[in-house]
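Reader: I am new to this structure. Please take one part and walk me through it closely.

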Amino acid sequence: MAPWGYEKDNGPAHWHKDCPIANGKNQSPIDLINGEVKYDSGLKPLTAKYVPFSDAKFLNNGHSVQFQPSAGNGSELTGGPLAVKYNFEQFHFHWGNNDTEGSEHRVDGKMYPAELHFVHWNSTNPSFKDAVGSGGPNGLAVLGFFLKVGAENAALKPITDLIPKVKDAGTSVTVPSNFDMQAILPATLTDYYTYDGSLTTPPLAECVKWIVFKQPLEVSAAQMEAFRSVINRDGKPMGGNYRPPCPLHDRAVKTSFK
Ligand SMILES: NS(=O)(=O)c1ccc(C(=O)N2CCc3cc(O)c(O)cc3[C@@H]2c2ccccc2)cc1
Ligand SMILES: [Zn+2]
């Protein structure tokens with residue numbers, strides 16, 4: 001099979017051939033149906049402590065654009081549904097070619113134009129890859145933020161301004177050291193959906209505690225357009241790099257809000 005992607009001949013419907021877990025019972029993303037979620041008063045806010053990065057890269061890996069600091073940067077996530085500390089690994093985006101599609105998770109069937117994923121790994125593992133392979137839903141914790149078109153997002157501007165420099169697959173640039181990742185996050189990480197799921201791209205490992213925030217972040221139309229100029233390994237627009245929702249099976253989606 002051609003390397004996996006989001007085109008007709010290598011997209012999500014094909015992934016099961018190399019990754020049979022694609023048809024598993026804990027796959028992501030899902031449609032977050034408000035009538036079926038369950039409020040859990042035990043779900044506290046999350047605490048993300050993101051420290052300045054010495055040398056971080058922003059890259060186009062052929063299926064997304066990704067911010068990746070050098071290993072061991074000391075940024076960490078605790079609280080919420082998490083029993084231990086998680087280390088920050090990378091953040092990346094999924095988006096569509098127009099404002100009616102692009103997010104991976106949906107809310108009552110509604111898609112947002114894009115979704116931002118902050119990927120963290122369980123610090124009881126020696127490395128990110130070990131955490132992915134650790135078995136069970138506590139290997140990774142991914143924070144999902146919906147993006148909607150509105151005001152310019154000043155915190156994401158240093159990143160969206162770099163997009164033209166990583167237009168082609170396999171390119172990367174160094175991120176200025178004054179980039180403040182903490183500023184991207186809302187002041188309080190309170191209202192979220194959480195459930196046990198998987199990576200949304202191959203290898204589709206079922207190792208993720210998903211934490212999807214109810215409140216979307218805003219980006220300007222110009223910032224959204226920047227994503228739509230990115231191209232993939234086939235030289236086509238990368239937009240549409242989202243997996244459709246997967247069956248919930250017998251999983252519960254909990255919320256930290258009523
Ligand atoms: N959308 S998401 O569920 O938040 C997510 C998270 C992590 C990863 C990730 O880090 N992956 C999976 C895809 C991938 C592709 C590459 O070309 C690559 O060099 C690394 C990755 C990693 C990965 C690959 C193998 C095992 C574990 C992670 C991908 C998606
Ligand atoms: Zn993702």
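**The zinc site**

This is a predicted model. In it, the zinc ion (ligand 2) is coordinated by three histidines: His 92 through NE2, His 94 through NE2 and His 117 through ND1. The distances are 2.0 to 2.1 Å.

Next, the geometry. The zinc ion (ligand 2) has 4 donor atoms. The angles among them run from 100 to 114°. The site is tetrahedral, because all of these angles lie between 85 and 135 degrees.

Now the chain. The donors of the zinc ion (ligand 2) are spaced as H-x1-H-x22-H. Distant parts of the chain are linked here. His 94 sits in strand β7, residues 86-95. His 117 sits in strand β9, residues 114-122.

A word on the cysteines. The structure holds 0 disulfides. A disulfide needs the two sulfur atoms within 2.5 Å. Cys 207 is likewise in no disulfide, its nearest cysteine sulfur being that of Cys 19. Both cysteines are buried. Cys 19 has a relative accessible area of 12%, and Cys 207 has one of 1%.

How values were computed. Residues are numbered from 1 along each chain as its sequence is written. Chains are lettered from A and ligands numbered from 1 in the order in which they are written. This is a predicted model: local features need pLDDT of at least 70, side-chain atom pairs count only at pLDDT 80 or more; totals for chains, interfaces and linings use all residues. Side-chain values use heavy atoms; hydrogens and water are left out. Donors are N, O and S atoms within 2.8 Å of the metal (3.2 Å for Na, K and Ca); water is not among the atoms, so sites may look incomplete. Four donors count as tetrahedral if all angles lie between 85 and 135 degrees; four count as square planar and six as octahedral if opposite donors are over 155 degrees apart and all others between 65 and 115; anything else is irregular. Helices (H or I, at least four residues) and strands (E, at least two) are DSSP runs, numbered from the N terminus. Buried means under 20% relative accessible area, exposed over 50%, partly exposed in between (1.4 Å probe, protein chains only).
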